[in-house]
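Here are some notes for a colleague who is new to this structure. Please read them with the sequence and the model side by side.

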Amino acid sequence: MLSGVPQGSILGPFLYTLYTADLPQSNKTILSSFADDTAIFKTDPDPTQTSANLQEHLLEIITWTRKWKLKINESKSSHISFALRQGQCPPVQINQRNISQTETVKYLGIYFNKRLTWKHHVKTKRKQLEHKIREIKWLIGRHSTLSLENKIIIYKTVLKPVWTYGIELWGCASNSNIEIIQRYRSKFLRILTNAPWYVTNHTLNSNLRIAYVREVFQERIANHRTAIVSHPNPLMAPLQHLPTTRRLKRRWTLDGIH
């Protein structure tokens, strides 16, 4: 290989991080990068000014990528406006091509919709659970001879991580969205245990010692808050406190700490 690194190599992500360490930043926007996933944020009451600042920063990044022989995939880039008002910010361009404006964007495995209701993310996770359960139903279904103890282990190691991923963020969703996951999980527990119709969901959760979705969120966000408070990186300090102003009338994750 004359350039680049093999995909899946151990050193690949580390070397890429070193190579892109001087990615241009701007005092008008916020740059967030994780490996090759990069997001640029701008908050402003004026949509036109928001797009202008984003475009200015994008031009700096494009100039930098040309210098260091990197290419941005325009087709995989998305532009989303988080707001309760109608309409969107004016489009921005990469290499003279408009970035597609979307209602939902995926970043690091989490789906954000423009109103931050988490509805799309919750429905996507439910579909992923359905797919996983179909794959292993022969192993954990009603007619499986596997012991209940081993079925629970499979649930906790294979299925639970599907819906708990990122719950520190989406766990503050509305009750109707949380119930989508809760109902499907209760339905699965009945299949797992082959419980008759008269056994209540409360009894199943109590006997199996499996926490409800809200309880998992409370535990995870408390641990997350503790980790932030004791984190040595000073950039984590602002996350301890909620902002005094909120443009979107939504519950925040730290609101869930009692």
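1. W197 has a relative accessibility of 77%, and because the cut-off for exposed is over 50%, W197 counts as exposed. Y198 counts as exposed too, at 59% relative accessibility. Bear in mind that this is a predicted model.

2. W197 and Y198 form an aromatic pair. The geometry is edge-to-face, with 5.7 Å from centre to centre and 85° between the planes. In total, the structure holds four aromatic pairs.

3. Another of these pairs joins F112 and W118. Here the rings are tilted, with 55° between the planes and 5.3 Å centre to centre. Are these residues buried or exposed? F112 and W118 are both buried.

4. The largest nonpolar core is made up of 38 residues. L159, W163, W170 and F188 are the residues with the most contacts inside this core. Two or more residues come from each of β7 (104-107), β8 (110-113), α3 (119-140), α4 (148-164), α5 (167-170), α6 (175-193), α7 (201-208) and α8 (213-229). Which element gives the most to this core? It is α6, with seven residues.

5. L159 deserves a separate look. Residues up to four places away in sequence not counted, L159 touches L129, K132, I133, I136, I140, I154 and F188. Another core, of 11 residues, lies apart from the largest one; L58, I61, I62 and W64 are among its members.

6. I136 is found in helix α3. Its relative accessible area is 17%, and since buried means under 20%, I136 is buried. With neighbours within four places in sequence left aside, I136 is in contact with I154, V158 and L159. I136 and V158 are 22 residues apart along the chain, and their C-alpha atoms are separated by 9.7 Å.

7. Next, a helix pair. Two packed helices are described by the angle between their axes and the distance between the axes. For α3 and α6, the axes come within 9 Å and cross at roughly 10°. Angles under 35 degrees count as roughly parallel, so α3 and α6 are roughly parallel to each other.

8. On the α3 side, the contact is made by K119, V122, K125, R126, L129, E130, I133 and I140. On the α6 side, the residues are N177, I180, I181, Y184, F188, I191 and L192. How do the residues of this contact divide, and how many are nonpolar, polar or charged? The contact of α3 with α6 has 10 nonpolar residues, one polar and four charged.

Notes:
Residues numbered from 1 in each chain as written. Predicted model: local features only at pLDDT ≥ 70, side-chain atom pairs only at ≥ 80, totals over all residues. Heavy atoms only, no water. Core = buried A, V, L, I, M, F, W, Y, C linked by side-chain atoms within 4.5 Å. Buried < 20%, exposed > 50% of the residue type's maximum accessible area, 1.4 Å probe, protein only. Helix = DSSP H or I, 4+ residues; strand = E, 2+ residues; numbered from the N terminus. Contact = heavy atoms within 4.5 Å. Axes fitted to C-alpha atoms, helices over the stretch in contact; angles between N-to-C directions. Parallel < 35°, antiparallel > 145°, perpendicular 65-115°, else oblique. Nonpolar A, V, L, I, M, F, W, Y, C, P; charged D, E, K, R; others polar. Phe/Tyr/Trp six-rings, centres within 6.5 Å; stacked < 30°, edge-to-face > 60°.
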